[in-house]
Amino acid sequence: MKTLGRTILPYLIAIAASFAAAGIFIAAMGFDVGRAYQTILLTSFRTPNGFIQTLLKFIPLTLQALAFTVPLTAGKFNIGGEGQMIVGGIAAAAVGITFSDLPPVILLPLVILAGVIAGAFWGLVPAWLLYRFGLNEILTTVLLNFVSFALIDLVATGPWRDTTAGHPTTIPIGQGGWLPMLVSNPPLHSGIILAVLVAAGIYVYTSRTTGGYELVATGANPRAAEVFGINVKRMFVFSLVLAGALAGLAGSIEVAGVHRRLIEGMQSNFLVLGLIIGLIARGNNLAVPFVAFFIAVLEVGASAMQRTLMIPVEMVFIVEALVLLFVLLSDVVRRR
Amino acid sequence: METLVTFLRLVLLSMVPFVLASQGTMLGGRTGIFNVAQEGIMLLGASLGFLVSYQVGNNFVGMLAAMAAGALFGLLLAYFTTTLKMNQFVIGLSLFFIGVGLSTLLPKLVIGITLSPPLIPTLPEVSIPVLSQIPLLGPILFRQNGLVYFSIFLSLVLWYFLYRTQRGLELRAVGENPMAADSLGINTVRARYWTAIAGGALIGLAGAYLPMVYTGTFTEAMTRGRGWLAIALTFFGGWSPLTILTGSLFFAGVEVLAFRAQVIGLAVPYQYLLMVPYLATILIMILTFRKARVPAFLGQNYDREKRNL
């Protein structure tokens, strides 16, 4: 209990401090801080729709953040979650459109799996470049994001293009590939179960299994891990491939659950939000889902704030940045 | 011949953001500070540079503002890593996030949401008398905007400073072996601070170049990965000013070629051309990373109270 308090207390202080500091700034810009904060914090909990919107954001954010923190556990930085998600989405849509007549029992697992495999492959490329040539993974993962932007544009404007849509979009995937709904109105798809299970699985894996321990040991001190017979380079590769699979899953869930088609730009700003969630969680895989939920609340609240109060949605970014800053600073304080 | 001259002119024009951002990265790296916030700092520089130029009506003031913002980010990077001894990549990525966020927030606050963004005048062409009259070379080298000259001049100055002065030698020592440098009485902390700050300023200026030369306005994510490419260029250039300058010609060349190919309307779908700069960079990294000379202490923090590094 005491340790739990010591983990959570800095977070609470950081959040309170950032809201206070950001409030001064927002007030200085001439906005009504009270109403702004009310909207940001309560939109998710006032209506069923708000809550479900939050859960729908929570799913990709958690997976994106895990795609960052899992390699971080091994001491590697994956900034390619965006590209891995896009490629996952492309594969999911490709399978869903090509085999659109298959029944759900077969098609749905295929669609999900296609995204996971494609994402894992997109993570394997930088992993291999690191393994074989020693290329810095920060650079290669991020450069592949830009390749994926062109790739999704290619697919969404190609033969599968939905010509009735103004924005580059493909035709819908077969009904058999749709994720079943948990709640029909407002719609909540069952991808949330997948996301929670995966997050729990990652936590159990990294904290309770031998393989996960090797991952942690590699991140803590690669040289010591090497001495104890852990194949450090293979751990790097594995962590990046797993990260790609997680981000790819986010892509297939977005396709199968939310859009039911491929839409250019569907990756939204999940990458940078995933990064900030991972950093606020200090790379702790258990903390990720909780931080992701908090950020999802802020994001949903902020778009409501823009709609009703005409305050730019980016204002919430100040809060997020300050939370991150204070959490980082609390690390320094703790060490003293 | 005409097309070749135009092409080379454009290459020189497009190399500037690469040169500035990469020299900024190199400068910090020479004392061991590995900045990975380039993309964020450049976007902030582009956003702030544009906004200040627009408000003040003077591009030069806008550039100074972008440099100041970059310098501030460099200062934060130095403070968190050198004084507080925190992981350089964690801090760098945090700063990247903050830069990206601020770059989209600031225009909303200053200009609001508009359908047609306001424009600022782009940088004028500065013809060098006499030299600009030389056939072929004249238009390529001597009829460019001021920052083209500045980026070449800067590269030469940095080379002279690092390899021909005592201070430069000391600075390089900090990035190779800070313990040895410290024992010789070199102030490692001060070296890391000022290189991170100056480097940040250059990266901010690299960002401001984009609205001031290419578009006349700020658009979201307009750097299109140039900040990340600049890191690759720095490795490619072996963290040395002159090789970075020549390497930037290659990076700019690929960018211009991919863009020209779209304009001409090659038979390939344009999306493939969009991928070219990034794939070419990965390829060039494969070919050169092994041989690349990297400051030995790059990305690490020196704690003089620790017995071994």
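Predicted model: local features only at pLDDT ≥ 70, side-chain atom pairs only at ≥ 80, totals over all residues.
**Entry 1. Chain A overall**

I began with the secondary structure of chain A, which comes to 13 helices and two strands. I then looked up the radius of gyration of chain A, which is 20 Å. The globule rule gives 20 Å for 336 residues, so chain A is as compact as a globular protein of that length. Along the principal axes, the C-alpha atoms of chain A fill a box of roughly 60 × 55 × 35 Å. I noted that 54% of the 336 residues in chain A are buried. For contacts in chain A with a separation of 6 or more, I found that 77% are between residues 24 or more positions apart.

**Entry 2. Helices H5 and H6 of chain A**

I looked up how helix H5 (residues 104-133) and helix H6 (residues 137-156) of chain A pack. Their axes are 9 Å apart, and the angle is about 150°. Angles over 145 degrees count as roughly antiparallel, and H5(A) and H6(A) are therefore roughly antiparallel to each other. I recorded their crossing as right-handed. On the H5(A) side, the contact is made by A:Trp122, A:Val125, A:Pro126, A:Leu129 and A:Leu130. On the H6(A) side I listed A:Glu137, A:Thr140, A:Thr141 and A:Leu144. Sorted by class, this contact has six nonpolar, two polar and one charged residues.

I checked the peptide bonds and phi values next. Most peptide bonds are trans, and most residues other than glycine have a negative phi. The bond joining A:Asn185 and A:Pro186 is cis, with omega about -5°. I placed A:Pro186 in the loop between strand S1 (181-183) and strand S2 (188-189) of chain A.

A:Met310 is not a glycine, yet its phi is positive, near 60°. I found A:Met310 in the loop between helix H12 (288-309) and helix H13 (315-335) of chain A. Is A:Met310 buried or exposed? I counted 10 other C-beta atoms within 10 Å of A:Met310. A residue with 12 or fewer is exposed, so A:Met310 is exposed.

**Entry 3. Chain B overall**

I repeated the survey for chain B and found twelve helices and two strands. Along the sequence, the pattern of chain B reads α-α-α-α-β-α-β-α-α-α-α-α-α-α. The radius of gyration of chain B is 20 Å, close to the 19 Å that the globule rule gives for 309 residues, so chain B is as compact as a globular protein of that length. I took the span of its C-alpha trace along the principal axes as about 60 × 45 × 40 Å. In chain B, 50% of the 309 residues count as buried. Among its contacts between residues at least 6 apart in sequence, I found that 77% join residues at least 24 apart.

I also noted B:Trp239, which has a positive phi of about 55° and is not a glycine. B:Trp239 sits in the loop between H10 and helix H11 (241-264) of chain B. I counted 23 C-beta neighbours inside 10 Å for B:Trp239. The cut-off for a buried residue is 20 or more, so B:Trp239 counts as buried.

Notes: Residues numbered from 1 in each chain as written. Chains lettered and ligands numbered in written order. Axes fitted to C-alpha atoms, helices over the stretch in contact; angles between N-to-C directions. Helix = DSSP H or I, 4+ residues; strand = E, 2+ residues; numbered from the N terminus. Parallel < 35°, antiparallel > 145°, perpendicular 65-115°, else oblique. Left-handed = near helix turned anticlockwise from the far one by under 90°. Contact = placed C-beta atoms within 7 Å. Nonpolar A, V, L, I, M, F, W, Y, C, P; charged D, E, K, R; others polar. Rg over C-alpha atoms; globule rule 2.2 N^0.38 Å.
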